[in-house]
Amino acid sequence: MKTLMINCSPKKRLSASAFILDLTGLFMRGNQVKDRLRTGADHRRLLAEMETADNVLFAMPLYVDGVPAHVLPFLQAMEAHCRARDLKKNIYVIANNGFIEGRQNEPLFQIMENFSRRSGLNWCGGLGIGGGVMMNVMRMMVMVFFAISLLNLIIGGVQDSLLQTEAIRNLTRQVLVLIVLGSGILAFDIRLATCLNRGKAYGTHYTRILLPSFIFILCADIFFVIISLFQGGLFRGWLAKKKPTAGKPV
Ligand SMILES: Cc1cc2nc3c(=O)[nH]c(=O)nc-3n(C[C@H](O)[C@H](O)[C@H](O)COP(=O)(O)O)c2cc1C
């Protein structure tokens with residue numbers, strides 16, 4: 001069974017879509033080909049790879065309650081390609097979104113189901129994940145926890161076996177908490193991988209990070225402030241002088 005796994009996030013680094021594809025890959029058997037869709041230059045390569053695939057798994061962010069705009073021209077090209085060659089592929093989608101409710105991805109799945117039916121492809125379903133940004137926060141936290149524990153060991157605990165045990169216990173506790181918060185995603189993702197392995201229908205399922213919404217909003221705000229500081233400053237967008245575009249109202 002060959003699965004073409006397409007990361008449709010336009011982000012070059014740290015996309016939740018890339019993370020969830022890697023996670024799904026851990027539970028999949030058979031031949032996995034991972035690729036990305038960011039521009040029109042990717043179309044030909046992806047369509048060629050698709051020829052010999054049994055499953056196509058798209059991972060994409062939800063943009064304005066739908067499929068990201070740069071994915072639409074690819075879907076058009078894929079429709080023409082598959083209809084011309086009478087290709088019957090199994091289509092699966094993992095969509096993640098910024099709001100906490102995974103069900104926000106429902107219109108995206110309707111679009112992908114309509115696309116599959118129109119293209120003569122086999123719609124096998126999708127997994128909608130709410131609070132996608134937290135997947136990034138959580139993977140960064142694992143790295144931070146690991147670094148802190150290592151530092152603790154180096155500074156004070158190399159000789160002291162009691163401190164060593166304490167550091168390892170702390171790290172295990174923190175990682176376990178993150179696994180519990182992500183357990184909904186993990187469980188639905190393993191089920192999706194099982195369906196992919198058998199080429200079976202998955203249906204549509206929705207899950208989220210298992211955090212109360214008010215804590216999620218706080219964590220997401222802190223994450224975005226840190227990310228915007230690293231990527232050019234908090235007020236970059238607000239204070240930048242905007243040049244009017246010729247011929248278009250600003
Ligand atoms: C242009 C744009 C539109 C978005 N629209 C929505 C939306 O309608 N609903 C939502 O919940 N999140 C929305 N988001 C948030 C993304 O879905 C969210 O950040 C996602 O985790 C990004 O996934 P990625 O890291 O795989 O690219 C939007 C983000 C952008 C940049």
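Me: Which element gives the most to the lining of the largest pocket?

Reply: That's α8, with 6 residues. Helices here are DSSP runs of H or I with at least four residues, numbered from the N terminus. A pocket is an open set of points on a 1 Å grid over the protein atoms alone, where a 1.4 Å probe fits and protein lies on both sides within 12 Å along at least five of seven lines; lining residues have an atom within 4 Å of a point. Keep in mind that this is a predicted model, where local features need pLDDT of at least 70 and side-chain atom pairs count only at pLDDT 80 or more, while totals for chains, interfaces and linings use all residues. Residues are numbered from 1 along each chain as its sequence is written, and side-chain values use heavy atoms, with hydrogens and water left out.

Me: OK, what volume does the largest pocket have?

Reply: About 620 Å³, taken as the space filled by probe spheres set on the grid points, which are joined across faces, edges and corners. Its lining has 27 residues, and Lys11, Leu14, Val133, Asn136 and Phe224 are the closest to the centre. The elements giving two or more residues to that lining are α1 (16-26), α5 (133-157) and α8 (213-230).

Me: And where does the ligand sit?

Reply: In the largest pocket, meaning more than half of its atoms lie within 2 Å of the pocket's grid points.

Me: Which residues come nearest to the ligand?

Reply: Ser9, Lys11, Ser17, Leu62 and Asn96, out of 16 around it; to count as near, a residue needs a heavy atom within 4 Å.

Me: Switching topic: which element gives the most to the second largest pocket's lining?

Reply: α5, with 4 residues. α1, α5, α6 (161-181) and α7 (183-198) each supply at least two. The volume of that second pocket is about 260 Å³.

Me: Which residues line it?

Reply: Among them are Phe19, Leu23, Met138, Arg139, Val142, Leu178 and Ile185.
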